[in-house]
Amino acid sequence: METSVTLANLEEHVEKRSPLVLGRETFSSVTNIVSQPMEMKTPKAWWICFLIALSALGVLGASIGYLFWEGVGVWGLNNRVGWAWDITNFVFWVGIGHAGTLISAILFLFRQKWRTSINRAAEAMTIFAVICALVFPGIHVGRVWVAYWLFPIPNQMAMWPNFRSPLLWDVFAVSTYFTVSTLFWFVGLIPDLATFRDRSKGLRKFIYGLFALGWRGSHRHWLNYERAYLILAALSTPLVLSVHTIVSFDFATSQLPGWHATIFPPYFVAGAIFSGFAMVINLMIICRWVFKLEHLVTMRHFENMAKIILLTGSMVGYAYGMEFFIAWYSGNPYERFIFISRATGPYAWAYWTMITCNVIIPQLFWSRKIRTNLWALFIISVFVNIGMWFERFVIIVTSLHRTFLPSSWAYFKPTIIDISTFIGSFGLFFTLFLLFVRFLPIVAISEVKTVMPDADPHGHDHDNSHAKKGAH
Amino acid sequence: MTPIFPKWTNRIPTLVAIGAPVVLVSAVLFVWYFFSPKWTDVGYAPKQPVAFSHQLHAGQMGMDCRYCHSTVERAAFAAIPPTETCMGCHSMVQAKSPRLQLVRDSYKTGKPIEWVKVHMLPEHAHFNHSIHVAQGVNCASCHGRIDQMKVVTQSKPLSMGWCLECHRNPVPNLVPKDQVTNLAYDSTKTGYDPTKDPHRQRGVNPPQHCSGCHY
């Protein structure tokens, strides 16, 4: 029975839109479903997960503390490879964030109503991923006391960041991205926060009330809300493209073979959306299963996301191919050397891991059976994220470890601190995400209600009679 | 329904709108002044083991700086004189003064006097006295009127921005080469123009790139 209901909205009929909320839920039942994880007694499983995440966060703190104490020598960096896991992790986490913004902003402007069930969690993922990302540029020189040099702050050294450097643009791009994403997320939360203010008591009522900003649901409130949401969506839309474009400039504006490529901006943006959607699928499969959101987050949502992964994965595959084509077509011997070295050199294992995870495995999504199988979705998405981490590793480390001067060639090996910092960043991410699922609504209640038949003035006409009459 | 928040909370946005810029501007001004070496370093005058007065020696008696700080023309570091330099005079002048007991002890035991360093630069900034003296930067440009100080006091911030000010516009601090240790010399009054000085072999072109000082 469940499968038939779940699959019910996969077919698209010409005369009738497929429902996005299944199981004949009502306005009040949707509120109850979403409130349940916040209002129930804290389950043991949550505590176990939270303690694991918190321990990993502790590992991150200890690794960073040791880094600050000793310096970047605790990582496997050498004279040739000055950027390795630190910047790999930074690009990896920033990239993951992009799916959330695409879902919340671009799909909103394109009236893709299926976004409503997943946008809240995806935006939370964006913010937490950007927080994880921001850690790495801050610590990657190991001298936290000069971190303020990132910003153009007047100082006694008369020293100013180089405005022609994309590294400075990156500071502005990522911090703007973080600010706008947080604002967008918060504005979207206001009506739901008011719901929880009204449903809770005592301190919780006070805190939810504080952040609900006096929302009473009047028409004027809704009018302002919709306008603010639209403006923020419009502000976020260019950010989906600009942030990873500028991250790619960190590499593309250098003259290093393997980095110096005009294809980098679109290639990076596609890769970011690719990895981000994989992360959204992983998180939403778990949330849907744990919090029983089957009627709100349907198989149709997953299938749509799988299609986006298939598209962006193919774009990334095209970019990999095009890099090799240009290496040959340009006739540049250094460019050619670095790409042959990627595929056959000391890091060939990383290169082929990337190709397998990013180009080959997602092609399975051509099959609807696989697109609608949760296990397959989950496993393929994990592979995509592994592949996308390796993509950044391959770009950064293989380009650096060989250079024009063979005497300086080197091989990068991660140390235990490299690994613990990376694992620790997942601890930071999941600590924040677990707090999110416990204290904030993981589905945008007020938005989901707008795509339900009850929100349609003719929603009671279950036989769709008004369409037959040709009233509209 | 009783309200959760009292009515005065409606004023919070206005108060924040007024208060936030005030707090922000005050914070900027606070950091701008109190975190600067102009506040943290200028005026540093540690107590020295012997109450040596530059005012007396360099000012009233007119001793040349280089009599004691003898390496300043040839080395990066302007030497602190050994006890022997003091005793050159003080074995006869004020030979019994109790204030010079430490100097005499040091002379006898061979254990140097532990003078406290006043003008300090970070290790990653290389300052070379010889080139600055050779180019005719007056001692007072960086050290102030040492000849008027009873206790040596840091009178300039010695910050990177302060160094760069002169490296960008050195002319006001340059004097004829025989006037370098004349702390009272004022090139704005004498109208000295280093670009027209026939005794200068090198042009006035101090480095402004990073490795000028950080090498």
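Trainee: Which domains does the assignment give for chain B, and where do the bounds come from?
Mentor: Chain B is divided into domain 1 (11-40) and domain 2 (54-80 + 115-189). The bounds come from an automatic or database domain assignment. Between the C-alpha centres of domain 1 of chain B and domain 2 of chain B there are 37 Å. This is a predicted model, in which local features need pLDDT of at least 70 and side-chain atom pairs count only at pLDDT 80 or more, while totals for chains, interfaces and linings use all residues. Residues are numbered from 1 along each chain as its sequence is written, and chains are lettered from A and ligands numbered from 1 in the order in which they are written.

Trainee: How many helices and strands does chain B have?
Mentor: There are ten helices and zero strands in chain B. Helices are DSSP runs of H or I with at least four residues, strands are runs of E with at least two, and both are numbered from the N terminus. The order of elements in chain B from the N terminus is α-α-α-α-α-α-α-α-α-α. Chain A has 17 helices and zero strands.

Trainee: What radius of gyration does chain B have, and what would a compact globule of 215 residues have?
Mentor: Chain B has 25 Å, but such a globule would have a radius of gyration near 17 Å. The C-alpha trace of chain B spans about 95 × 50 × 35 Å along its principal axes.

Trainee: Why are H4(A) and H5(A) called roughly antiparallel?
Mentor: Angles run from 0 to 180 degrees between N-to-C directions, and the axes are lines fitted to C-alpha atoms, for helices over the stretch in contact. Under 35 degrees counts as roughly parallel, over 145 as roughly antiparallel, 65 to 115 as roughly perpendicular, and the rest as oblique. Helix H4 (residues 85-109) of chain A and helix H5 (residues 119-139) of chain A pack at about 160°, with axes 7 Å apart. H4(A) and H5(A) are therefore roughly antiparallel.

Trainee: What is the hand of the crossing of H4(A) and H5(A)?
Mentor: The crossing is left-handed, a term for a near helix turned anticlockwise from the far one by less than a right angle; clockwise would be right-handed.

Trainee: What makes H5(A) and H6(A) roughly antiparallel?
Mentor: The axes of H5(A) and helix H6 (residues 166-199) of chain A cross at roughly 150° and come within 10 Å. That angle makes H5(A) roughly antiparallel to H6(A). The crossing of H5(A) and H6(A) is left-handed too.

Trainee: Why are H9(A) and H14(A) called oblique?
Mentor: Helix H9 (residues 264-291) of chain A and helix H14 (residues 374-401) of chain A pack at about 140°, with their axes 8 Å apart. H9(A) and H14(A) are therefore oblique to each other. Their crossing is left-handed. The contact of H9(A) with H14(A) has eleven nonpolar, five polar and one charged residues. Nonpolar means Ala, Val, Leu, Ile, Met, Phe, Trp, Tyr, Cys and Pro, charged means Asp, Glu, Lys and Arg, and the others, Gly among them, are polar.

Trainee: How many residues does each chain give to the contact of chain A with chain B, and what makes two residues a contact?
Mentor: Two residues are in contact if their C-beta atoms, placed from the backbone, lie within 7 Å. Nine residues come from chain B and seven residues from chain A. On the side of chain B that touches chain A, helix H9 (residues 160-168) of chain B gives the most, with three residues. That side of chain B has six nonpolar, three polar and no charged residues.

Note on methods: Rg over C-alpha atoms; globule rule 2.2 N^0.38 Å.
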